[in-house]
Structures are given as structure tokens and as C-alpha cells.
Amino acid sequence: MEYRHYIKYIETINAVMRCAVCGSDVASAEGKEAFCHFCEAYVYPEDKMQQEATAALNEVQDRIKKAEIENAIGAAMKMQKSSKPDVLYALGVFYSFFSDYRYYSLDYNLGGFMEGNSKNIYESLDLIAKSKEMLFKAIKIAGKDAEVDPNLAYVVFLSNIRLGRRVQAERALEMLEKTEKRSQIKDHARMIYAMATNDKDALKYISSGIVELNSFYYLAVYLIRMKRYKESRRLLEALIKKCHMPMALYTLHRLDLFEQETAL
Ligand SMILES: [Zn+2]
């Protein structure tokens, strides 16, 4: 399929579900299943975990939606004593988002970018440290039973990916493959791992999950690696229009910066 068809396809996706791990709205082709655009958790309707999603997590997402980032950070702070690995992982993702937000002083609606100043940069580094702390905590707690519980293995896997710890991520992926019965989760994890390790077969993994929005994000990243910037840009723009996907937003922003630099 050509990327123009992908964009048409992305435009037709209309069902929305809510991620049980981070409270984010998630667009889905048939409203049956999807991966969270914010934290990559597997999302499906009538997920019993959704009812347990804490009010505090929802508050963080609601504040982000309203671009009230200070309040969102405040709401996230309230949860940092949690001992639930999925909550700690979600916090790791949130703090990383806040850090990017600070670093780029990015207007949530893709408005003007301000010049980065040192205050923003220091705050950004603090937030990244906080993100790492949460991810390490998630790994520590989830790691105890990750060998027997695929949900925990997935949290350990994603946390290690976000920390750039490839060996540990690979180990968690092996655990996941042993216990997880849902092939879509295993496929998704393999795709993420292939992208993180620059595997030459990454495209194969991306193509097998291509009905799902996050796969298009990884395709866009893959296209950047292939120096196919224009196609990547079109895909990222289509994704940003369709759903709240911070990783697409920041990748597009980095592509903008890269193209500005190389145009000089
Ligand atoms: Zn999520």
C-alpha cells in the first residue's frame, strides 16, 4: 500500500476508547482494540481495568487536553507514591511528555515555538530524571512477577524500551513471548523492539500491524530513517489530526528542526 492510501485509511478511523493505564483517548479502526497513542498499553472496550483507572490519572489527561501543563504536573505528583507498576509506568510516560513539552516550549496546538531558554532546559532535565525514577520503580515492582504475568512483562518491556535498556528489554520480550496469549500484543512488542534496535526487518513487523494507528507512527519513523521525509511528514500530520499522539507531535517537530538546519 502506498502512503497516500495509508493517509486515507487513517482519516476513516473514528472509534474512540480510553486507555486504562494512562487515561488517554485512543482512536481505533473498529472500536475493538488498539494500542494507546500515549503509553502503548493494549486497549480494548469493556476492559475491566478501565473502571479502575484512577480519577487522578484521568485528571492528568484532562489537564493535558486543556493545555494546563502546570496543573497536569501537579496531578501527576499526587500519584508518585503509588505501588502499582502500570500507574508508575504511566507516570514515567507523563513526565517524559512534560519534559519534551518544556524543552520545546511547545504549544499544545502546534502553535509557535519559543526559543528554548535555560530555565526550560533545566526544568526539562528535572522532569526527565523524574520520568526515569518512575520507570525504574515500575520495573522493580513489576519485575517480581513478570515471568508469570504477561501484563507485568509488558510493563517491564515498555519501561526498559523507554529507558533505552535494550538487553533488559530483550529479556522482558522473551518473558512476554512465553506467557502472553494475545498475538497482537506480542507482535506490537516485537515491532517496538525492532525499531528500537534498528533491526533490518523492522518494516516487516510494522506491516503486519498496519491497521492500527501506532503502527503508522512507527512507519513514519522508519520513513525518516530511509530519508523519505515528505512521506513521513504527511503520515505524521494525518496522525496528529486524527488523535492525541504526543510521540507523533514531537517527531514532526524534530523533523521540522532537522529540515530547517539542513536547509541552511
Ligand atoms: Zn495509555
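Predicted model: local features only at pLDDT ≥ 70, side-chain atom pairs only at ≥ 80, totals over all residues.
If you draw a box along the principal axes, the C-alpha atoms fill roughly 50 × 45 × 35 Å. Of the 264 residues, 43% count as buried. And if you take contacts between residues at least 6 apart in sequence, 49% of them join residues at least 24 apart.

Now, the inside. The largest nonpolar core has 84 residues, and the two that touch the most other members are Phe157 and Leu239. Which helix gives the most to this core? That's helix 5, residues 85-104, with eleven residues. Setting aside residues up to four places away in sequence, Leu239 touches Ile10, Leu213, Phe216, Tyr217, Met245 and Ala248.

Next stop, Asn214, which you'll find in helix 11, residues 213-225. Buried or exposed? Asn214 has 24 C-beta neighbours inside 10 Å, and the cut-off for buried is 20 or more, so Asn214 counts as buried. Beyond its neighbours within four places in sequence, Asn214 is in contact with Phe35, His37 and Glu40. Have a look at Ala34 too: Asn214 and Ala34 are 180 residues apart along the chain, yet their C-alpha atoms are separated by 8.3 Å.

That brings us to the backbone at Glu40, one of those contacts of Asn214. Glu40 sits in the loop between strand 3 (34-35) and strand 4 (42-43). Its phi is positive, about 70°, although Glu40 is not a glycine. Why point that out? Because most residues other than glycine have a negative phi.

There's also Asn198, again not a glycine, with a positive phi of about 60°. Asn198 is in a loop as well, between helix 9 (183-196) and helix 10 (202-208). How do the surroundings of these two look? Glu40 counts as buried, with 24 C-beta neighbours inside 10 Å, whereas Asn198 has 8 and counts as exposed.

That's the tour, thanks everyone.

Key. Residues numbered from 1 in each chain as written. Helix = DSSP H or I, 4+ residues; strand = E, 2+ residues; numbered from the N terminus. Buried ≥ 20, exposed ≤ 12 C-beta atoms within 10 Å, placed from the backbone. Core = buried A, V, L, I, M, F, W, Y, C linked by C-beta atoms within 7 Å. Contact = placed C-beta atoms within 7 Å.
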